[in-house]
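Have the structure open beside you as you read.

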Amino acid sequence: MITVSSLLDASWYERYRRISKLNIRSSIYDVTNQCNLRCKGCFFFSSNEHKAAREEMDLTRWEAFIDREKARGVNLAILIGGEPTLHLDRVEAFYRRMPTFCATNGLIRVPRERFPDLMLGISLWGDENDEKKLRGRDTFSVSSKHYAGDPNVYYLYTITPRQIGRTERIIRRIRDAGLKVHMQLLSNDEGVDGFDWRPEELVDIRSEMDDMLDRYPDTVISSKYYHEIITTGKMLGRTFGWKECPSVTEPLDRRDPRPRRLIGFIRWASDLKTMHRCCTSETRDCTTCKDGAAHMSWVMVNKRAHIRTTRDLQNWIEVYEMFAKLYQFIPW
Ligand code: SF4
Ligand code: SF4
């Protein structure tokens, strides 16, 4: 029988042991329906999720809700929106109660006096030109000043087809600002012309992402297996999509057969009652979904399938470690 210990040498086994002790139970929270940007391709606005529920304004209700989430077993709150930093009192309510990650566009500086080690993932959609075209402004020039050298910040770099051949400059700028970067791919939910992925472009960007990881291992938080999964949509001969997706809100999950999935995962709207279908756009066609976290989680929940060869299991460990670093469960 193939076992974990039969596939791994001592150092890989130690890495495996370190992550297998983690019992991550995440859920995602829309902190607000508002944003100080309106990016073309934002899954939240393009699917009208900002209209799905009326925002809860009473902070004491947020606090009671978070306590209930904690009692439900959630040990990682992933805050999105809209722009969470527009409501720092709500962010603080999470931060004081459980391990919290906050996605932000970085335009509003989170005061470190109030949130000393809150992990922030700053969205970045390309270079100055792409950012202006898709988001209306160059956010990097602002966010990099706010957070230069901050050990609890990374850029969540959404790569578009136009970035092929141009990612290195951005990664260098992030490195020079003393920050980390994690890469994912644009899903182009609003069909902006020229931003859909063609198969040959996915091949090219995979090799470019691999190259960036090789050249900037202290800056890029990633793994080659993740690059393979996200660019091909394939894992061990299986195809990513609705039938396989692990990041569907559990109480709404009527799939039969039910795939391996995130236990207890819910994506909550900002009324604290409404649930969204999944971790990303309510209306996205799953066959086009490039969501990075959903692909990562797909690997993570399928550990058993990777106990096959040494390389398969090492791939699984690397993806798990990447996730654990991005959400502060293990150090960079
Ligand atoms: S900053 Fe984020 S939430 Fe705001 S519009 Fe852009 S993608 Fe959407
Ligand atoms: S859109 Fe993506 S994350 Fe949502 S259910 Fe479909 S595959 Fe999963």
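**Entry 1: Asp130**

I began at Asp130, which is buried because 21 other C-beta atoms lie within 10 Å of its own; the cut-offs are 20 or more such atoms for buried, 12 or fewer for exposed and partly exposed in between, with C-beta atoms placed from the backbone. This is a predicted model, in which local features need pLDDT of at least 70 and side-chain atom pairs count only at pLDDT 80 or more, while totals for chains, interfaces and linings use all residues. Residues are numbered from 1 along each chain as its sequence is written, and chains are lettered from A and ligands numbered from 1 in the order in which they are written.

I placed Asp130 in helix H6, residues 128-135. Helices (H or I, at least four residues) and strands (E, at least two) are DSSP runs, numbered from the N terminus. Leaving aside neighbours within four places in sequence, I found Asp130 in contact with Trp125, Thr160, Arg162 and Gln163; contact means C-beta atoms, placed from the backbone, within 7 Å. I also looked up Ser47, 83 residues apart from Asp130 along the chain, and the two C-alpha atoms are separated by 22 Å.

**Entry 2: the whole chain**

I noted 13 helices and ten strands in the chain. Buried residues make up 43% of the 332. Among contacts with a separation of 6 or more, 71% are between residues 24 or more positions apart.

**Entry 3: the sheet**

I traced an open sheet of eight strands with mixed pairing, in the order S6-S5-S4-S3-S2-S1-S9-S10. Its edge strands are S6 (180-185) and S10 (275-276), each pairing on one side only. Two strands pair if DSSP finds at least two bridges between them.

I then followed S2 (residues 76-80), where four of the five residues are buried. Ala77 is the bridge partner of Ser27, and in S3 Ala77 has the partner Thr100. Further along, S4 (residues 119-124) and S5 (residues 153-159) run parallel with five bridges; Leu124 has Tyr157 as its bridge partner in S5.

In helix H5 (residues 88-95) I listed Arg90, Val91, Ala93, Phe94 and Tyr95 as buried. Their cover includes helix H4 (59-71), S2 and S3.

**Entry 4: the core**

The largest nonpolar core has 83 residues, and those with the most contacts inside it are Leu79, Tyr155, Val181, Met296, Val299, Val319 and Phe323. Helix H13 (residues 310-326) gives the largest share of this core, eight residues. Such a core is a set of buried Ala, Val, Leu, Ile, Met, Phe, Trp, Tyr and Cys residues joined through C-beta atoms within 7 Å. I checked Tyr155: not counting residues up to four places away in sequence, Tyr155 touches Ile122, Leu124, Ile174, Leu179 and Val181.

**Entry 5: two ligands**

Which residues come nearest to ligand 1? Of the 13 around ligand 1, they are Cys35, Leu37, Cys39, Cys42 and Asn105; a residue counts as near if its C-beta atom, placed from the backbone, lies within 6 Å. Around ligand 2 there are 14 residues, with Cys245, Cys278, Arg284, Cys286 and Cys289 closest.

Most residues other than glycine have a negative phi, and most peptide bonds are trans. I found a cis bond joining Gly81 and Gly82, with omega about 5°; Gly82 is in the loop between S2 and H5. Asp256 and Pro257 are also joined by a cis bond, omega about 5°.

Asn48 has a positive phi of about 60° and is exposed, with 11 other C-beta atoms within 10 Å. Asn188 has a positive phi near 50°, but counts as buried with 20 C-beta neighbours inside 10 Å.

How values were computed. Contact = placed C-beta atoms within 7 Å.
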